[in-house]
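I opened this notebook page to record what I looked up, entry by entry.

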Amino acid sequence: RGFVYDSRNNLQMRGLVILLISKAAGPSTAELSFQHNMVSGIYSSQRSLAEITELIHTAFLVHRGIVNIGELKSCDGPLKDMQFGNKMAVLSGDFLLANACTSLAQLQNTKVVELISSAIGDLVQGIYYENSKSSEENCLTDDIGISTWKEQVFLSHSALLAKSCQAAMELAKHSAEIQDMAFQYGKHMSMSHKLHSDLQPFVKESSSDTMAFSLNSAPAVLHQEFLGREAWIKQIRELQEAIKAGKGVTSAIDLCHQHGRRALAALECFPPSEARAALANIVYAVTRFP
């Protein structure tokens, strides 16, 4: 954990959002007698939840670093080193998850345990689906539709933050309505963030971004080898320009703005404060395009 949370590489966006929404909501009337446990408007249990969420996210990032030994080439390095690296990734990810689960149990809140456990299940389901689809030969032409895309993105990118925001409200004994608004903010802000990230190769002006999106299926890789590097890059640029000229980019930007508006609407139930303003600024940042 000390290696993961060093002072130089510390992009803990999810934990920050949980702390901000906890501060924005403040104490509930049911928790007035426990306000002495608050520091800067945040309960110690909510701080623990923020750390737990970051541990879970980091554990899954470590697990995602496992490489497919069957796809390695001799130039990738000694096979035994890759096998050892895989074992360390599995053990390290499991260690972080075990720490998260231990801390989660110490919160002594059954509903919070249920929420975060279901979020872990959502992550597993989302990543499993991504991996199973990437191995199919027709994954580039599979017509999943935007509704299916939203479902998959929620599982693999939004569920953990959304349910953690809801859990932070539960720890402060806020009402079901406030909990739902916190869930909606986490969900729609993270959806906007994913859309913003996906759109970058198509909205940036720099030509160096033409290869920012991935086409890593076996047919695409073989096609590149037979076609030659220069011709392959030309085709990718033509495809990217065709996407830019079509309605996909503008529709994706509209969808990003739509999720952003829903995230901002969810914040309306919280009283005005610096924390609420910061949460709104996060939404503005992930829905702004050049």
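Which residues have the most contacts inside the largest nonpolar core? I worked from a predicted model. The largest nonpolar core holds 45 residues, and Ile-56 and Tyr-185 have the most contacts inside it. I noted that α1, α2 (44-64), α3 (79-106), α4 (110-134), α5 (145-171), α6 (176-203), α9 (248-267) and α10 (274-286) each contribute at least two residues to this core. Domain 1 (13-202) and domain 2 (225-287) each provide at least three of its residues.

I then looked up Ile-56. Beyond its neighbours within four places in sequence, Ile-56 contacts Leu-97, Ala-100, Ile-116, Ile-120, Leu-123 and Leu-160. A second, separate core has 12 residues, including Val-203, Ile-253, Leu-255 and Phe-289.

Next I checked helix α1. Its 13 residues (residues 13-25) should span 18 Å at 1.5 Å a residue, and the end C-alpha atoms are 18 Å apart, so the two values agree. Among the buried residues of α1 I listed Arg-14, Val-17, Ile-18, Leu-20 and Ile-21. Just after α1, Gly-26 adopts a positive phi of about 70°.

Apart from neighbours within four places in sequence, Ser-22 touches Gly-41, Ile-42, Gln-46, Ala-168 and Met-169.

Last, I turned to the cysteines. Cys-165 is buried, at 0% relative accessible area, and Cys-256 is likewise buried at 0% relative accessibility. With sulfur atoms required to lie within 2.5 Å, I recorded a count of 0 disulfides.

Definitions and conventions
Residues numbered from 1 in each chain as written. Predicted model: local features only at pLDDT ≥ 70, side-chain atom pairs only at ≥ 80, totals over all residues. Heavy atoms only, no water. Buried < 20%, exposed > 50% of the residue type's maximum accessible area, 1.4 Å probe, protein only. Helix = DSSP H or I, 4+ residues; strand = E, 2+ residues; numbered from the N terminus. Expected span 1.5 Å × (residues − 1). Contact = heavy atoms within 4.5 Å. Core = buried A, V, L, I, M, F, W, Y, C linked by side-chain atoms within 4.5 Å. Domains from an automatic or database assignment.
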